[in-house]
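Work through the exercises below with the sequence and the model at hand. Each task is followed by a solution in steps.

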Amino acid sequence: MEQKYIVALEIGSSHIRAAVGTVNDDGVLTLLAVEDDYAVEIVRYGTIQNVEEVSNRVKSLMRKLENYQSIHPRKIKGVYISIGGRSTMTTSRQVVRQYDVETAITAQIIAQINEEAKQCGLSDRSVIDVCPREFVVDNLECSNPVGTLGKSIRADINLITCKPKILRNFDIALSERQQLSIKGTYVRQNVIADLVVTTDEKKLGCMLVDFGAETTTVSVYKNGALHYLATLPIGSRNITRDIMATNLTEERADEVKRIVGDAVNAEPKARQLHNFGADIVEVNSYIRARAGEIVLNIIEQAKYAGYSISTDLPAGIIIVGGGAKLRGFNDLLAQQSGVTVRLGAIPSTIRISDPRLQSFDMIDIVALLNAAAQNALECTEAAPAPQPAVDPFADDGGFKPKKTGGKDQDKPENPQQGSKRGLWGNIKTTLDKLFVETDNDD
């Protein structure tokens, strides 16, 4: 079998990013190309605001990807998408089944339990993923109940939901405006966790933090399963806007934040190396205040999940997202939480054709491609083979000149002779008409 081409589309609050990869028969993912565009103001808190503008930018990204040598002349017809942002949240549901006799728990039974939990979702929200948290068979906990025997099974399940408008706007921007088939929808936080969080970390207990531009999403894992997910309406852009109070534009404030911003030190060493038109000590006072607020909100989520971050989550915090690049932020988070903090990274098992794409910034789109590769559906279409040109004078049914006269008309004429015949023929026709008209007058 030939390899499949899969396409991922990540629409965030600061960018729209698209990527193409291939999956071979062994399920190995190879990243071929990535293109992105800014999405400030047209996407807010992970929700598409300007459907028309997003649709146009997606179209431009798809055309750019199709022009890559590794993809051309294939055409992109479908995409995988991820859902995140302020609207996503978890809702707990419990499903219990009783049997008269000992029954083997099968994958089909688990699928039915998941579907039953899904049907019990909130009426005003759409369920985008079902995450089993715990199974108990005959009062015994088990992480994987398939294959066990019992008279009863209880499942504690987390439903991840979002506002229906989010899905509707995706459908309008992609399916209706660009005729792109949505091959699959994933929860952004879940696919990132599958990429950067190890199995042991999930078993021991850990927290995954996605520190984005306008939102910060926190997931808590324990005993190998997702136990809690919440999205905070605050991100690194809030820090940028605070810096704007020093009479800087947003673009300039973001530049200052990236170059000399520090969440721990008030006066960085780089102060004397740049002239930003603003007092760097004052800038960093804004940064430290807002960064401290974000850190406290992150740590507080462990309490809402029912855990002590220092004792129940010994694997610590794994952080991703553009905000995590702020100098000193991860140190501040480690100091305040009392646990280790590490940056998420793309594993070496994923092949990347261009080393420049092996970047911290690419984690979100690579994570989505990685999830799609587990059950890959072809997202492209081979260009039709060019049709050979038809010879109009060929003998195989092509166009042929129509014969309208006798033998003399079939013979080619001398150009000069033909010209003379045409001239005398016209004179003769004119004279004949003249004689006819004269006869009629008589």
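**Exercise 1.** Which residue in β14 stands opposite Met 207?

Solution. The model is a predicted one. Begin with the pairing: β13 (residues 206-211) and β14 (residues 216-222) are antiparallel and share six bridges. Four residues lie between the two strands, which form a hairpin. Across this pair, Met 207 faces Val 220 in β14.

**Exercise 2.** Identify the bridge partner of Asp 210 in β16, and state the sense in which β13 and β16 pair.

Solution. Strand β16 spans residues 317-320 and pairs with β13 in the parallel sense, over four bridges. The partner of Asp 210 there is Val 320.

**Exercise 3.** Describe how α6 packs against α8.

Solution. Two quantities are needed, the angle between the helix axes and the distance between them. For α6 (residues 236-243) and α8 (residues 280-304), the axes come within 9 Å and cross at roughly 150°. Angles over 145 degrees count as roughly antiparallel, so α6 is roughly antiparallel to α8. The crossing is right-handed.

Next, list the contacts. From α6, Asn 238, Ile 239, Asp 242 and Ile 243 meet Val 283, Tyr 286, Ile 287, Arg 290 and Ile 294 of α8. By class, this contact holds six nonpolar, one polar and two charged residues.

Note on methods
Residues numbered from 1 in each chain as written. Predicted model: local features only at pLDDT ≥ 70, side-chain atom pairs only at ≥ 80, totals over all residues. Heavy atoms only, no water. Axes fitted to C-alpha atoms, helices over the stretch in contact; angles between N-to-C directions. Parallel < 35°, antiparallel > 145°, perpendicular 65-115°, else oblique. Left-handed = near helix turned anticlockwise from the far one by under 90°. Contact = heavy atoms within 4.5 Å. Nonpolar A, V, L, I, M, F, W, Y, C, P; charged D, E, K, R; others polar. Buried < 20%, exposed > 50% of the residue type's maximum accessible area, 1.4 Å probe, protein only. Pairing = 2+ DSSP bridges.
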